[in-house]
Amino acid sequence: MNENDDDARHRNKMANRKAIQDAEVAAKTVEKGLLIVHTGKGKGKSTAAFGLMLRALGRGLRCGVVQFGKGAWQTGERTAVERFGNQVEWHTLGEGFTWETQDRSRDVAAAERAWAAAQKLMADPTIRFIVLDELNISLRYDHLEIGAVVAALKARRHDQHIVVTGRNAKQELIDAADLVTEMTLVKHHFAAGVKAQEGIEL
C-alpha cells in the first residue's frame with residue numbers, strides 16, 4: 001500500500017461522508033422559531049445564551065433580554081450589549097438570588113414583573129430573539145405557574161427564537177422545547193476558593 005492508495009481511500013471516504021451529510025441537510029425543510037433550554041449544574045448556561053444572541057445580532061435580528069434571578073449589578077455582557085443601542089431591549093427585574101432576598105412574596109412579585117416584561121417582548125413584532133435568563137429558577141420555586149408559562153412560550157410567533165436558562169428545568173418545559181442542552185459540571189474553580197471575576201462570572 002502506498003501513499004497514493006491512502007489518499008484515494010481518504011477521498012472516497014470523505015466523498016461518501018459528504019453525500020450522506022448533504023442528503024441529511026437537504027431533508028431538513030422546516031423553518032421555525034426555536035424554544036431553546038440551557039440547564040444543568042455546569043457553568044455556561046447564560047453565557048451560551050448570550051453567545052447565541054451575539055450571533056443573532058450579527059444577522060441583524062432585534063433582541064430582548066429579561067433577567068429573572070440576577071440582581072441589578074452591571075455585568076460585562078450587559079455593558080457590551082449596550083453598544084448595540086436599541087437593537088437590544090434589556091430588562092433586569094430579579095432582586096438577586098432567592099437566598100439573598102429571603103422573602104418569597106418579594107421573589108414572586110419580581111418574577112411576575114419579569115414575566116410581564118417577557119410577554120411584552122414576545123408580543124413585539126420587531127423582537128426576533130429573546131433570552132429569558134434564569135427563568136428556570138423562578139419556575140423551580142413555583143414563583144410562576146409552569147402551565148401558563150409553557151403555554152405562552154409554545155404560542156410564540158413562528159419567527160421568534162427564545163432561550164430559557166437556569167438549573168433544574170422542569171419536565172414540562174423540556175417537553176415543549178425544540179432544543180435542550182444540559183451543562184455538566186466536571187470541575188469548577190469556585191470549589192478551589194477562586195472568587196467571581198470580571199470577564200468570567202460578571
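**Entry 1: T92**

I started at a polar contact of 2.9 Å that joins the side chains of T92 and Q67. For my notes, a polar contact is a pair of N or O atoms within 3.5 Å; within protein, one must be able to donate a hydrogen and the other to accept it, and residues adjacent in sequence count only if both atoms are side-chain atoms. I then found that the T92 side chain also makes a polar contact with the side chain of W90, again listed at 2.9 Å. T92 sits in strand β3, residues 88–92. I use DSSP runs for the elements, numbered from the N terminus: helices are H or I with at least four residues, strands are E with at least two. T92 counts as buried because its relative accessibility is 17%. Buried means under 20% relative accessible area, exposed over 50%, and partly exposed in between (1.4 Å probe, protein chains only).

A reminder to myself: this is a predicted model, where local features need pLDDT of at least 70 and side-chain atom pairs count only at pLDDT 80 or more, while totals for chains, interfaces and linings use all residues. Residues are numbered from 1 along each chain as its sequence is written, and side-chain values use heavy atoms, with hydrogens and water left out.

**Entry 2: the whole chain**

I stepped back and counted 8 helices and 6 strands in the chain. Read from the N terminus, the order is α-β-α-β-α-β-α-α-β-α-α-β-α-β. The C-alpha trace spans about 75 × 45 × 35 Å along its principal axes. Of the 202 residues, 37% count as buried. I also looked at contacts, meaning heavy atoms within 4.5 Å. Among those between residues at least 6 apart in sequence, 79% join residues at least 24 apart.

**Entry 3: helix α7**

Which residues of α7 are buried? In this helix, residues 146–154, I noted I146, V149, V150, A152 and L153. Down the helix axis these buried residues fall within an arc of 160 degrees, so they line one face of α7. The arc is taken from the directions that run from the helix axis to the C-beta atoms.

I next asked what covers the buried residues of α7. The cover includes β1 (35–39), α5 (104–123), β4 (129–133), α6 (135–140), β5 (161–165) and α8. At the start of α7, a side-chain oxygen of E145 comes to within 3.0 Å of the backbone nitrogen of G147.

A176 belongs to helix α8 and is buried, with a relative accessible area of 18%. Not counting residues up to four places away in sequence, A176 touches L35, V150 and K154. V150 is one of the buried residues of α7. A176 and L35 are 141 residues apart in sequence, yet their C-alpha atoms are 7.7 Å apart.

A177 lies in the loop between α8 (171–176) and β6 (179–182). Is A177 buried or exposed? At 15% relative accessibility, A177 counts as buried. Leaving aside neighbours within four places in sequence, A177 is in contact with L35 and V37.

I found about 160 Å³ of space in the second largest pocket. Its lining is K32, L34, I36, H38, L52, R55, A56, L61, F129, H161 and L179. β1 and α2 (45–58) are the elements that give two or more residues to this lining, and α2 gives the largest share, 3 residues. By class I noted 7 nonpolar, 2 polar and 2 charged residues. Ala, Val, Leu, Ile, Met, Phe, Trp, Tyr, Cys and Pro count as nonpolar, Asp, Glu, Lys and Arg as charged, and the others, Gly among them, as polar. A pocket here is an open set of points on a 1 Å grid over the protein atoms alone, where a 1.4 Å probe fits, with protein on both sides within 12 Å along at least five of seven lines; lining residues have an atom within 4 Å of a point. The volume is the space filled by probe spheres set on the points, which are joined across faces, edges and corners.

**Entry 4: two positive phi values**

Most residues other than glycine have a negative phi. E134, in the loop between β4 and α6, has a positive phi of about 65 degrees. It counts as buried at 14% relative accessibility. D142, in the loop between α6 and α7, has a phi near 60 degrees. D142 is partly exposed, with a relative accessible area of 46%.
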